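Here is a briefing on how two chains meet and how one of them is built. Please read it beside the model.

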Number of protein chains: 2
Amino acid sequence: MVQDEEDMPTLFEQEIYEQPVVLARLLTDGRTRAEEIAGRITAFAPHAVFIAARGTSDNAARYAQYLFGAHNRLAVGLTTPSLFTIYDAPPEYRGMLVIGISQSGQSPDIVTVIETARMQGALTLAITNDTASPLATAAELCFPLHAGVERAVAATKTYTTQLTALAMLSTALAGAPDLWNDLMRLPDAVREAIQRNTGLAERTAAWAAGQRFVVIGRGFNYATAFEIALKLQETCYVVAEPFSSADFLHGPIAMIDSDFPIVLVAPTGRTFADLTGLLPLLTERNASVSIITDATADPAVLGSAVTLPMAPGTPEWLSPIPAVVAGQLFALAQATLRGYDPDQPRGLTKITETY
Amino acid sequence: MVQDEEDMPTLFEQEIYEQPVVLARLLTDGRTRAEEIAGRITAFAPHAVFIAARGTSDNAARYAQYLFGAHNRLAVGLTTPSLFTIYDAPPEYRGMLVIGISQSGQSPDIVTVIETARMQGALTLAITNDTASPLATAAELCFPLHAGVERAVAATKTYTTQLTALAMLSTALAGAPDLWNDLMRLPDAVREAIQRNTGLAERTAAWAAGQRFVVIGRGFNYATAFEIALKLQETCYVVAEPFSSADFLHGPIAMIDSDFPIVLVAPTGRTFADLTGLLPLLTERNASVSIITDATADPAVLGSAVTLPMAPGTPEWLSPIPAVVAGQLFALAQATLRGYDPDQPRGLTKITETY
């Protein structure tokens, strides 16, 4: 029995593996609701969008900045919840779409932002896994994630469903049938990312001594860099700092020396040249680079990095979903190599109440 | 002669020491211009503000999010320059105030954001040290920093002048004479921060082996945490990650173990309780905490951290300026202890052109 328990996958691992099924359910069950909400947003015609979120959900908000910008021409900013809670001096959000994103829907500061914005005359939307939560109740509109209970402390399936929900809303707003076809292929892309990155511990053993990581992405995958860094922090207790490739060149590159562990998020697309353009600079410094990409045979990649492969064929705007799954499996492999239990992160609880 | 050279203060140190004079000049020479620009902004009545910046200037933009929110009720978001440059899919900024912040005014992506926003019908403003730069030319309005040439690669005086310029604009927008009085006391507050934190190397020798730092701030001083982390990265080649105290509890606290070096930015004000509330959690984990504060005799602080003292009397909304100066001197002390020359950061140049 003891052996069985040891061989049992962790909750973190189980929930990583659940993602293809969970995403397929959201895509099927949520489309009508996404289209209803898009209709309300279009009628409201917001000046801009502001998003309130913390932790993993804040990374989903970062994805929305690029997605709603590129596909819907919407200007998107992230809110500053402490103006509402600590300073009692909220900015004016009348005429804006204000979105609260929270797995549990419990975080009091996010709820306060939504309540205040709604009173000011903003259109408010909750994206949450719990339709009975304070956040769902506070907002005028609610888009449920249908992700099922998430038991691991480090979020996985709720992050990918948050991204998918945002992608569904953006696609409904754009009214683009082609993009819906792309979306429907997501569960398969995630399934392939899981298959190609299972048993990663052996291939990434060289990173297991690293106490400092840098994770670099840009554009749609800027969010992916943040989320992979957060998973490494939560499960491996390392300092993992996310950067855009542009900001990285403005100072932080100075800290890279021999064997420095770096994860590049570089799927095919408009940021690929920018990300792979860093490889010679990193190689020059003898950094240890792993790269999440579908362009595994590209000459820019071959030989200069260990690849965490994605299946080809996912368009760039959806690549953050299979890319982060590869990153989740990288964090899992690193935690395993270090002898840590990802289900028991030191000092963390599933619901963190911040004000 | 060799000895003279070794004893000569670095450019980084010289420019830290210049700050009281440079800020006094901006406050005197810039007030009329700040009031003119505020008049234009008030007449335009923007729906919201979006700011384009990179590196140190991006940290100034973070300060503006809190300041314009708390004092002017303006919703402020940070732009995503790659939507303009890499994706060629800019969001719609008509009706917005769009501000570009750049010391050199050279960064092509920031210039592109301002050019595009101006064509879309946004009100555009450049905050820069070079009034002949492409950024100054691209924007409808320009607020010059009067900081003089900055020669050190790691920015110091241009950051504190950027914050001061933003504080002057906000105060002019609010039309509040009391706040101008607070502003005029800034050069003395910075002078005192320098005096109280000179010779810091001896008191912070315990941090000199640290390769990973966490810097925590919140609200007005969220920006300060980012900027101090960036100085540590640029001058000491460490991974230094900034957090809001709220986000820190949502995951990253798991990585803190014995002797982990942490800098808390905790001046007196509304976030003080939030920041010092972390001290028991950090002490429990035997972390090594240094704290930037004017409340050096507060029971919450005494005995649990090494203090980097600020003079009392600076209101919270201006505290990021003396607080970051204490952080600059901390970075200088750490670089000195490690034998690094802060004027020669590996692989950095003063002007970084990103697209």
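Asp247(A) forms a salt bridge with Arg54(B), with the closest N and O atoms 3.2 Å apart; the term requires a side-chain nitrogen of Lys or Arg within 4 Å of a carboxyl oxygen of Asp or Glu. The rule finds 2 salt bridges across the interface of chain A and chain B. This is a predicted model: local features need pLDDT of at least 70, side-chain atom pairs count only at pLDDT 80 or more, and totals for chains, interfaces and linings use all residues. Residues are numbered from 1 along each chain as its sequence is written, chains are lettered from A and ligands numbered from 1 in the order in which they are written, and side-chain values use heavy atoms, leaving out hydrogens and water.

**Interface**
- In chain A, 71 residues are in contact (heavy atoms within 4.5 Å) with 71 residues of chain B.
- About 5600 Å² is buried between chain A and chain B, and carbon and sulfur atoms give 57% of that area. Buried area is the accessible area (1.4 Å probe) that two parts lose on being put together, summed over both.
- Tyr87(A), Val239(A) and His250(A) supply 13% of the area that chain A buries against chain B, more than any other three residues.

**Fold of chain A**
- Chain A has 16 helices and 10 strands, taken as DSSP runs (helices H or I, at least four residues; strands E, at least two) numbered from the N terminus.
- Its C-alpha atoms fill a box of roughly 55 × 50 × 40 Å along the principal axes.
- Of the 355 residues of chain A, 67% count as buried, meaning under 20% relative accessible area (1.4 Å probe, protein chains only).

Definitions and conventions: Buried means under 20% relative accessible area, exposed over 50%, partly exposed in between (1.4 Å probe, protein chains only).
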